[in-house]
Amino acid sequence: DSGIRPHLLKPIDEEMLDKYIADDDYGAQEKYDGHRKMLQRNGSSVISINRKGEVVGFPVELETACLGLSFQRFTVDGEEIGNRFYVYDILEKDGEDLKSLPYLERYGLLSVIFASANKHIAIAPLYLETEMKRKLYDDLQKEKKEGIVFKKLDSVYASSMRNNDQVKFKFWTSASCIVLKVNNKRSVLLGLINDGKQIEIGNCTISVNHNIPEPG
């Protein structure tokens with residue numbers, strides 16, 4: 001346990017979208033389809049922390065990228081997608097706790113730390129004007145991305161909290177299904193419960209980096 005917890009995103013309904021898009025107190029970012037992680041460097045040591053605060057494994061390319069920066073100590077928040085990390089917040093730099101700073105000020109510090117070009121770490125773009133937020137929303141939907149995030153520009157970093165300072169809207173919903181049968185070629189038949197009975201809903205391919213679940 002690292003002792004560090006992320007500021008969690010509060011889900012919102014579709015009818016709330018216009019409010020956040022039009023509100024100048026909020027900026028918008030893409031909701032990336034990856035793994036929520038925090039990267040922490042302390043001299044020659046780099047660790048990765050998941051949303052539960054646990055120290056977990058991560059791609060060696062991200063470790064190399066962090067060690068290649070001039071700043072010796074920092075903790076940043078972002079999304080890990082493969083061997084690429086999209087950073088969108090910072091909690092600490094050179095021993096200074098930054099969580100009480102306004103989000104827009106914290107975001108601005110990211111360009112200082114990650115000023116040099118790096119193909120494995122990128123700063124997640126932040127959109128401020130209503131027109132740009134609306135365009136981001138439309139583009140993300142057209143590109144079938146995961147969703148959109150709104151962050152209050154003067155908000156502090158509230159570890160383990162879900163509040164209206166940071167909210168998310170996902171373009172799709174998820175469901176927990178039952179594996180009814182394992183098919184050929186890494187495929188399983190899925191089902192749902194309806195009036196106490198199992199109903200077949202279709203097949204799903206299991207990617208090679210996941211174990212094939214057993215029926216039931």
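These legends walk through close-up views of pockets, paired strands and a cavity in a predicted model. Residues are numbered from 1 along each chain as its sequence is written, and side-chain values use heavy atoms, leaving out hydrogens and water. Because the model is predicted, local features need pLDDT of at least 70 and side-chain atom pairs count only at pLDDT 80 or more, while totals for chains, interfaces and linings use all residues.

**View 1. The largest pocket.** Here is a space of about 340 Å³. A pocket, on a 1 Å grid over the protein atoms alone, is an open set of points where a 1.4 Å probe fits, with protein on both sides within 12 Å along at least five of seven lines; lining residues have an atom within 4 Å of a point. Grid points are joined across faces, edges and corners, and the volume is the space filled by probe spheres set on them. Of the 19 lining residues, Lys 31, Tyr 32, Arg 51, Glu 79 and Glu 146 sit closest to the centre. Two or more residues each come from β1 (8–11), β2 (26–31), β3 (35–42), β10 (147–152) and β11 (162–170); strands are DSSP runs of E, at least two residues long, numbered from the N terminus. The lining has 11 charged residues, plus 5 nonpolar and 3 polar. Charged means Asp, Glu, Lys and Arg; nonpolar means Ala, Val, Leu, Ile, Met, Phe, Trp, Tyr, Cys and Pro; the others, Gly among them, are polar.

**View 2. The second largest pocket.** This one holds about 160 Å³. Its lining includes Ile 4, Arg 5, Leu 91, Asp 97 and Ser 159. At least two lining residues come from each of β3, β6 (73–81) and β7 (84–93), and β3 gives the most, with 3. By class, the lining splits into 6 charged, 4 polar and 2 nonpolar residues.

**View 3. β3 and its partners.** Strands count as paired if DSSP finds at least two bridges between them. β3 runs antiparallel to β6, joined by 8 bridges, and Gln 40 stands opposite Thr 75 in β6. Both Gln 40 and Thr 75 also line the second largest pocket. With β4 (residues 45–50), β3 is again antiparallel, this time with 6 bridges, and Arg 41 stands opposite Val 46. The β3–β4 hairpin has 2 residues between its strands, and Gly 43 takes a positive phi near 70° there.

**View 4. The cavity.** What lines the largest cavity? Leu 9, Arg 36, Asp 77, Tyr 88, Asp 89, Lys 151, Tyr 157 and Gln 166 do. In a cavity, the probe fits but cannot get out. The volume here is about 30 Å³.

Technical notes
Helix = DSSP H or I, 4+ residues; strand = E, 2+ residues; numbered from the N terminus.
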